[in-house]
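Please walk through the model below with its fold, its ring pairs and its surface charge in mind.

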Amino acid sequence: EDEINDGLEDPETAEETQVLVAEVAVTDPDGELIDPDLENTVYDAIDTRPGETTTRSDIQEDINSIFATGFFSNVRAVPTDTPLGVRVTYVVDPNPVLTQVEVEGSDVLPDEIIDDIFSPQYGEIINLLEFQDGILELNNWYQDNGYVLAQVIAAPEVGEGGIVTLQVAEGVIEDIN
């Protein structure tokens, strides 16, 4: 039993231990099942399959692939030995449902522009890839309206209740010589 986990846990092993995967599961941190659509997103993202072998590196690639979907704030894998092989449980923290976007540091950006850009995502689980498209659209609005120095300057901050806060710098020119 310990040999299987040692092979998955030890990065110093020159030749990574291959272990047989008996089962693959997806849960939230409390061990509860997640939304079936999100669960399918995880299964579509990973290469680990029951009945095949895996290594520590393969599982790390799966974790990276799950993060790359944009739907999760945290991902980890928990291997457990069973009589038939290793059960790999991917423990995922889904992002919350987007309810509102707030912009700090803005004097010229109308609230209706923020809503026009992000309202199609309201009521959906935050996907940071799609959200990034909204940030680009926001930056483009500034460019198109003559605010060439203005832009979103920090990563989106996801707060309680699905409220995402963006920081912008509008780059006011104070003097021209």
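The paragraphs that follow go from the overall fold to the aromatic pairs and then to a charged patch.

This is a predicted model, in which local features need pLDDT of at least 70 and side-chain atom pairs count only at pLDDT 80 or more, while totals for chains, interfaces and linings use all residues. Residues are numbered from 1 along each chain as its sequence is written, and side-chain values use heavy atoms, with hydrogens and water left out.

The secondary structure of the protein chain comprises five helices and eight strands, where helices (H or I, at least four residues) and strands (E, at least two) are DSSP runs numbered from the N terminus. Along the sequence, these elements follow the pattern α-β-α-β-α-β-β-β-α-α-β-β-β. Of the 177 residues in the chain, 35% count as buried, a term for under 20% relative accessible area, with exposed meaning over 50% and partly exposed the range in between (1.4 Å probe, protein chains only). Thr82 belongs to strand β3 (residues 72-82), and at 28% relative accessibility Thr82 counts as partly exposed. Although Thr82 and Glu23 are 59 residues apart in sequence, they are 9.2 Å apart in space, C-alpha to C-alpha.

A search of the whole structure finds four aromatic pairs. One of them joins Phe118 and Phe131, which are stacked at 4.8 Å centre to centre with 25 degrees between the planes. This pair links distant parts of the chain, since Phe118 is in helix α4 (residues 111-118) and Phe131 is in helix α5 (residues 128-144), 13 residues apart. Both Phe118 and Phe131 are buried. The rings of Trp141 and Tyr147 have centres 6.2 Å apart and planes at 15 degrees, so this pair is stacked as well; rings of Phe, Tyr and Trp (its six-membered ring) pair if their centres lie within 6.5 Å, and planes under 30 degrees apart count as stacked, over 60 as edge-to-face and the rest as tilted. Trp141 is buried at a relative accessible area of 16%, whereas Tyr147, at 30% relative accessibility, counts as partly exposed. Ring pairs also link Trp141, Tyr142 and Tyr147 into a cluster.

The largest share of the patch, four residues, comes from α4, while Asp133 lies in helix α5.
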